[in-house]
Amino acid sequence: SRTLRRLRLVASHCQTRELPVAFVTRRAVQETFAESGRTKHDIAKAIADEYPELAGRLPAERKLWSPEDQQMNIFDAISFVAALPVTPRREGGLAD
């Protein structure tokens, strides 16, 4: 798909500059937040509960015909980091 090609291009660009790259699937995020619910809003709510300073940025639950609120990007980013596998740090750098 076009999106996958773009992701691979960005990953390749980062790796040539020795920047760490990790891919996180939606399934990994859902498994990480399994106790909180399966929808993006359920996951965002769990993050806002954990980090009260983000509660004011939590958008209202989206209707099927409404576009996604741009504030959801904040919660998506945090959910991706939370779903990363835990690996030991290498000396002098980030984990792979």
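Student: Which residues line the largest cavity?

Tutor: Start with the general idea: rolling a probe the size of a water molecule over the atoms shows where empty space is left. Here, a cavity is a set of points on a 1 Å grid over the protein atoms alone where a 1.4 Å probe fits but cannot get out, and lining residues have an atom within 4 Å of a point. The largest cavity is lined by Arg26, Lys40, Ile43, Ala44, Met72, Phe75, Asp76 and Ser79. The elements giving two or more residues to this lining are α3 (40–50) and α4 (72–83), and α4 has the largest share with four residues.

Student: What should I know about the model itself?

Tutor: This is a predicted model, so local features need pLDDT of at least 70 and side-chain atom pairs count only at pLDDT 80 or more, while totals for chains, interfaces and linings use all residues. Residues are numbered from 1 along each chain as its sequence is written, and side-chain values use heavy atoms, with hydrogens and water left out.

Student: What volume does the largest cavity have?

Tutor: About 30 Å³. A volume is the space filled by probe spheres set on the grid points, which are joined across faces, edges and corners. The search of the whole structure finds one cavity of 30 Å³ or more. By class, its lining divides into four nonpolar, one polar and three charged residues; Ala, Val, Leu, Ile, Met, Phe, Trp, Tyr, Cys and Pro count as nonpolar, Asp, Glu, Lys and Arg as charged, and the others, Gly among them, as polar.

Student: And which residues are closest to the centre of the second largest pocket?

Tutor: A pocket is an open set of points with protein on both sides within 12 Å along at least five of seven lines. The second largest pocket has a volume of about 230 Å³. Of its 13 lining residues, the closest to the centre are His41, Ala60, Glu61, Arg62 and Met72. Its lining has four nonpolar, three polar and six charged residues.

Student: How many helices and strands does the chain have?

Tutor: Helices (H or I, at least four residues) and strands (E, at least two) are DSSP runs, numbered from the N terminus. This chain comes to four helices and zero strands, in the pattern α-α-α-α.

Student: Which residues make up the largest nonpolar core?

Tutor: In soluble globular proteins, nonpolar side chains tend to be buried together. A nonpolar core is a set of buried Ala, Val, Leu, Ile, Met, Phe, Trp, Tyr and Cys residues joined through side-chain atoms within 4.5 Å. Buried means under 20% relative accessible area, exposed over 50%, and partly exposed in between (1.4 Å probe, protein chains only). The eleven here are Val29, Phe33, Ile43, Ala44, Ala46, Ile47, Ala48, Leu54, Met72, Phe75 and Ala83. In the whole chain of 96 residues, 19% count as buried.

Student: Is Ile74 buried or partly exposed?

Tutor: Ile74, in helix α4, is partly exposed because its relative accessible area is 28%. Not counting residues up to four places away in sequence, Ile74 touches Leu54 and Arg57, where contact means heavy atoms within 4.5 Å. Ile74 and Leu54 are 20 residues apart in sequence and 8.9 Å apart in space, C-alpha to C-alpha.

Student: Where does Glu18 lie?

Tutor: Glu18 lies in the loop between α1 (2–16) and α2 (26–32). Although not a glycine, Glu18 has a positive phi of about 60°. With a relative accessible area of 73%, Glu18 is exposed.
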